[in-house]
Amino acid sequence: MWIARTVAALNEALVAARQAHGGLALVPTMGALHAGHLALLEVARAAAAGVAVSIFVNPTQFAPSEDFARYPREEAADLEKLRNAGCDLVWLPSVAEMYPPGDATRIDMEGPALGWEGALRPAHFRGVATVVAKLFGQVRPDAAVFGEKDWQQLQVINRLAADLLLPVRVVGAPIVREPDGLAMSSRNRFLTPAERAAAPALYAALSFVRDAMARGTSPDDALLAGRARLVEHAFALDYLALVDGETLIATDRATPHARLIAAARLGALRLLDNIAAA
């Protein structure tokens, strides 16, 4: 497994990796890897012969009030997991390597970046789009794999690649869940025991809304009931909405292309989840 920490070392490793494997699929991560991340590697391996993983906690996608400093960093454990999973190349840039002196370019997104996370965290997708464009330019992968848990982010990256004509195939990977339905996340470790017991109610509320609509309940009534269920479980709700899966525009039709998306706080932690609406 090649490990690169500078762009120069990355370029050397990429030459060797492509000679060994041909095509490369990239899995961008912020580290603190869990079974959900490792599932992304399996999807990446199906997309290309070689697999590269980036580990970079990107400061530009965090607001000053968010948990950049607290975000878990576990490099040694992450590298061991990646070796065991058969990763071929790991890109571990520093902040100075990713944003060197004089760096002055940022990418502002519209379309699927508007609303929801884009409204609640105004600088977030600017940081995400910028760092993903940098990663695509640095690694030049044939494919890139992103988890569907951050559904809006996945659509933003799809739009970014299409609009900038980037030669990379963006692949979405299904959400990996705990046995009780909670979507896996590196931040779940910050839940207290009581919060962890309550956390699966987010997925349960999404499933309730989907099933209610399938039985003929109007989307408005189903969403209203789903929101009430979350409040009953002590969630501070940011949104629970039915949207077009590609554009993220709110819709009142539970079509196969629609998505139920949710974000809510449980104690100090903010949880995101989504499911297909039909």
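Which residues of the largest nonpolar core touch the most other members?

## The largest nonpolar core

In this predicted model, the residues that touch the most other members of the largest nonpolar core are L89, W91, V132, F136 and F146. The core holds 40 residues. At least two residues each come from α1 (7–21), β2 (24–29), β4 (89–91), α6, β5 (143–147), α7 (151–163), β7 (236–244) and β8 (258–266). Helix α6 gives the largest share, with 8 residues.

Another core lies apart from this one and has 26 residues, including L230, F235, A258 and A264.

## Helix α6

Helix α6 covers residues 124–139, which is 16 residues. From first C-alpha to last, α6 reaches 22 Å, close to the 22 Å expected at 1.5 Å a residue. Of its 16 residues, 13 are buried, so α6 is largely enclosed by the rest of the structure. After α6 comes R140, which has a positive phi, near 50°.

Beyond residues up to four places away in sequence, F136 touches L26, P141, A144, F146, I157, L166 and V168.

## A buried loop residue

N188 sits in the loop between β6 (169–173) and α8 (193–198). Its relative accessible area is 12%, under the 20% cut-off, so N188 counts as buried. Neighbours within four places in sequence aside, N188 is in contact with L182, A183, L269 and L271.

## The second largest pocket

The second largest pocket contains about 210 Å³ of space. It is lined by 14 residues, of which I55, V57, R73, E75 and L92 are the closest to its centre. By type, the lining has 8 nonpolar, 1 polar and 5 charged residues.

Notes. Residues numbered from 1 in each chain as written. Predicted model: local features only at pLDDT ≥ 70, side-chain atom pairs only at ≥ 80, totals over all residues. Heavy atoms only, no water. Helix = DSSP H or I, 4+ residues; strand = E, 2+ residues; numbered from the N terminus. Expected span 1.5 Å × (residues − 1). Buried < 20%, exposed > 50% of the residue type's maximum accessible area, 1.4 Å probe, protein only. Contact = heavy atoms within 4.5 Å. 1 Å grid on protein atoms, 1.4 Å probe; cavity = no way out; pocket = protein on both sides within 12 Å on 5 of 7 lines; lining within 4 Å. Points joined across faces, edges and corners; volume = space filled by probe spheres on them. Nonpolar A, V, L, I, M, F, W, Y, C, P; charged D, E, K, R; others polar. Core = buried A, V, L, I, M, F, W, Y, C linked by side-chain atoms within 4.5 Å.
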